[in-house]
Amino acid sequence: PKPTRAPRTMATNEHYLEETLNALEESVFDTYSGNIVHTTTSVKEFPLFGEDCIMNAKPCFGDNSDATYFASFPEYTINDDQFYVIIGVDHMRSSTGAKYSSVVAGSSIKHLGIEEFNSIDHMKGSSSAYLDSSREHRDSVYATTLRRNCTGYDFCMEIGTGLLGLPEEEPPNFLFRTYLNKHGSVGAPVDSLLMDRLFFVDPDSNRTSAISKGDKLAHKSIRDKFHLRNSAIKL
């Protein structure tokens, strides 16, 4: 018989971190304002049900209900100068109390996760380049970049183009994992988590101030959309 999935339930959520995550987004925008080509709200739930894979002999890549998954498949490739900025909640250091959380950048063509940024080895302190110590909950959010070359950059994922790298003509994909909520045996409920956010930066884009102003309006729209989604979560 098909195994029964343990329910994803939680009495708390990450709504209290929304203001901090918005402040981090604003700081990222201020840092790279003239060169941000695209932002995305296309980080979505990526449901993988291990029991269905077992029953139907489908590949689930080893993923199961131990974790909650989000994913994003942006359209921009990166060269030696372009990069992605990725921000979000460090779920291990939030009220979620996850055992472990991570961001994995990979290749859809190769079905391969290539570089990882995780809550145990990398996330702690990563937002300090954008938020000062007076910002409440600064240590509960993270910021990283994905680049072809991380020389001189802290909190960076380096992704090459070789056999185990990302082809020049392929955009990266991003998989976000949150493992095991506190005192539980499964990942946290989707609605208890704040989703991660992506920015594509091209230093050679030379955006004008008028376009940058338009981008600020776009960022406000992103924040409003996240706020509407998360304000529906019961405290």
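Biologist: Which residue in strand 9 does V103 stand opposite?
Modeller: Keeping in mind that this is a predicted model, V103 has F176 standing opposite in strand 9.

Biologist: And how many bridges join strand 5 to strand 9?
Modeller: Seven bridges join strand 5, which covers residues 100-107, to strand 9, which covers residues 173-179, and the two run antiparallel.

Biologist: In what order do the strands of that open sheet come?
Modeller: The open sheet is formed by five strands in the order 2-3-9-5-6, with antiparallel pairing. Its edge strands are strand 2 (44-45) and strand 6 (112-118), each of which pairs on one side only.

Biologist: What holds strands like these together in general?
Modeller: Strands of a sheet pair through backbone hydrogen bonds, in either a parallel or an antiparallel manner.

Biologist: Staying with strand 3, is T68 buried or exposed?
Modeller: T68, which is found in strand 3 (residues 67-72), has a relative accessible area of 3%, so this residue counts as buried, the cut-off being under 20%.

Biologist: What does the side chain of T68 reach?
Modeller: The T68 side chain reaches the backbone oxygen of A188, at 2.4 Å.

Biologist: New topic: which residues does the disulfide join?
Modeller: The disulfide joins C150 to C156, with an S to S distance of 1.9 Å, and the count for the model comes to one disulfide. The link is left-handed, with -70° about the S-S bond.

Biologist: Are those two cysteines, C150 and C156, buried or exposed?
Modeller: C150 has 12% relative accessibility and counts as buried, while C156 has a relative accessible area of 19%, which means that C156 is buried as well, given that the cut-off is under 20%.

Biologist: Let's turn to the second largest pocket; what volume does it have?
Modeller: The second largest pocket has a volume of about 170 Å³.

Biologist: Which strand gives the largest share of its lining?
Modeller: Strand 7 (residues 141-147) gives the largest share of the lining of the second largest pocket, namely four residues. The residues that line this pocket include Y32, S126, Y130, R147, D154 and F155.

Biologist: And how does that lining divide by residue type?
Modeller: The lining of the second largest pocket divides into six nonpolar, four polar and two charged residues.

Notes:
Residues numbered from 1 in each chain as written. Predicted model: local features only at pLDDT ≥ 70, side-chain atom pairs only at ≥ 80, totals over all residues. Heavy atoms only, no water. 1 Å grid on protein atoms, 1.4 Å probe; cavity = no way out; pocket = protein on both sides within 12 Å on 5 of 7 lines; lining within 4 Å. Points joined across faces, edges and corners; volume = space filled by probe spheres on them. Nonpolar A, V, L, I, M, F, W, Y, C, P; charged D, E, K, R; others polar. Pairing = 2+ DSSP bridges. Disulfide = S-S within 2.5 Å. Buried < 20%, exposed > 50% of the residue type's maximum accessible area, 1.4 Å probe, protein only. Polar contact = N/O pair within 3.5 Å; in protein donor to acceptor, adjacent residues only side chain to side chain.
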